[in-house]
Amino acid sequence: MKSAEVIAPGSVRMADIHVPEPGEGQVRIRLEGCGVCASNLGPWAGPDWLEFPLPPGDLGHEGWGVVEAVGKGVSEVRVGDRVAALSYRAYAEFDLADAKALLKLPPELEGKPFPGEPLGCAFNIFRRSNIAPGQNVAIIGIGFLGAVLTQLASDAGARVIAISRRPESLELAKHYGAAEVIPMDDHQAIIDATKQLTDGTMCERVIECVGKQWPLDLAGELVAFGGRLVVAGYHQDGPRQVDMQGWNWKGVDVINAHERDLAVQMRGMREAAEAVVSGRLDPAPLYTHIYRLEELGEALDATRDKPPGFVKALVLYP
């Protein structure tokens, strides 16, 4: 089978490897596609601690496809079921996954891409944010995650203040329900604008979706006394400093909203699928850049460089 193999920082090649056989409790999935996650960018840049080449298919963890074979003891799915998977080498034509890490996709999603992991991640972050009607909710960074959260928070009755760097991202936030948008270009100007919009009370909820130091600093400034600061960005480029005195003075709750509990991850994926089927969420406008498996390097570069119009890349397999 074909598999993409990252052989050095910024370099990928195609490899022909044996089709894997599922062990007990596992299934083999013939993948239809895989989303490209920003968390791939750390390994793609080549940190000193990482050894290359990476295993074939590695870094791909947003795959979906059709169950082709099941191992001993698997009763959750059958051959032919279409599923979204929490697996880890999905930049390949096939991948193995634990049967308990599969979401069987409903027929309404037939033929549609469904990167379950990032969609489920958004729903889990939304739940941890505990958003109530009438709250001011600042969302810093409007990419795929920020856009989905804007939709969910707006639907929950919150007033979403979207803050992002690119004008097109602010337009995307409006499309997904943001009541207010602020360009992310000047620290104090953003604080002043938020004060004006909230009559000085600031935001009961702030969700940081960028994963960098400045947006984290900004989140601490925008959160209200007794509010909740939700860290949704993936901070992968080193330690952070935080204004602990400011956080302490305000008495804010700080939530690190990435989930590692499988049951919670699966709950998020189920909720995402239900939302898409019901029409509550339409993620299709967010899948802006489509690549073939052989073009994985270009997909990773685009995820890093964000060309005009970019929100999220999908790699689709024939």
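## Strand pairings, crossovers and helix packing

Ile207 stands opposite Val230 in S12, strands here being DSSP runs of type E with at least two residues, and helices DSSP runs of type H or I with at least four residues, each numbered from the N terminus. This is a predicted model, in which local features need pLDDT of at least 70 and side-chain atom pairs count only at pLDDT 80 or more, while totals for chains, interfaces and linings use all residues. Residues are numbered from 1 along each chain as its sequence is written, and side-chain values use heavy atoms, with hydrogens and water left out.

**The sheet.** Strands S11 and S12 run parallel and are joined by five bridges; two strands are taken to pair if DSSP finds at least two bridges between them. This pairing belongs to an open sheet of six strands with the order S10-S9-S8-S11-S12-S13 and parallel pairing. Its edge strands are S10 and S13 (253–256), each of which pairs on one side only. From one strand to the next the twist averages 15°. In general, strands of a sheet pair through backbone hydrogen bonds, either parallel or antiparallel.

The bridge counts of four of these pairings are set out below.

| Strand pair | Bridges | Sense |
|---|---|---|
| S8 (residues 136–140) and S9 | five | parallel |
| S9 and S10 (residues 180–183) | four | parallel |
| S8 and S11 (residues 203–208) | four | parallel |
| S11 and S12 | five | parallel |

Which strands are largely enclosed? Five of the six residues of S9 (residues 159–164) are buried, so S9 is largely enclosed by the rest of the structure, where buried means under 20% relative accessible area, exposed means over 50%, and partly exposed lies in between, with a 1.4 Å probe and protein chains only. Strand S11 is likewise largely enclosed by the rest of the structure, because five of its six residues are buried.

**Crossovers.** From S9 the chain crosses through helix H4 (residues 167–175) to S10 in a right-handed β-α-β crossover, right-handed meaning that, with the strands pointing away from the viewer, the path from the first strand over the helix to the second runs clockwise. A right-handed β-α-β unit is also made by S11, H6 and S12. Helix H6 lies across S8, S9, S11 and S12 (223–231), and runs at about 150° to S12; such angles run from 0 to 180 degrees between N-to-C directions, the axes being lines fitted to C-alpha atoms, for helices over the stretch in contact.

**Helix pairs.** The axes of H5 (residues 187–197) and H6 (residues 213–222) come within 10 Å and cross at roughly 30°. That makes H5 roughly parallel to H6, since angles under 35 degrees count as roughly parallel, over 145 as roughly antiparallel, 65 to 115 as roughly perpendicular and the rest as oblique. The contact (heavy atoms within 4.5 Å) is made by His187, Ile190, Ile191 and Thr194 of H5 and by Trp214, Asp217, Leu218, Glu221 and Leu222 of H6.

A second pair is formed by H2 (residues 116–129) and H3, whose axes come within 9 Å and cross at roughly 50°. That makes H2 oblique to H3. Residues making the contact include Leu119, Ala122 and Phe126 of H2, and Leu145, Val148 and Leu152 of H3.

H9 is followed by Lys306, whose phi is positive, near 50°. Phe310 lies in the loop between H9 (296–305) and S15 (312–316). Is Phe310 buried or exposed? Phe310 is buried, with a relative accessible area of 2%. Leaving aside neighbours within four places in sequence, Phe310 is in contact with Arg166, Glu168, Thr288, His289, Ala302 and Thr303.
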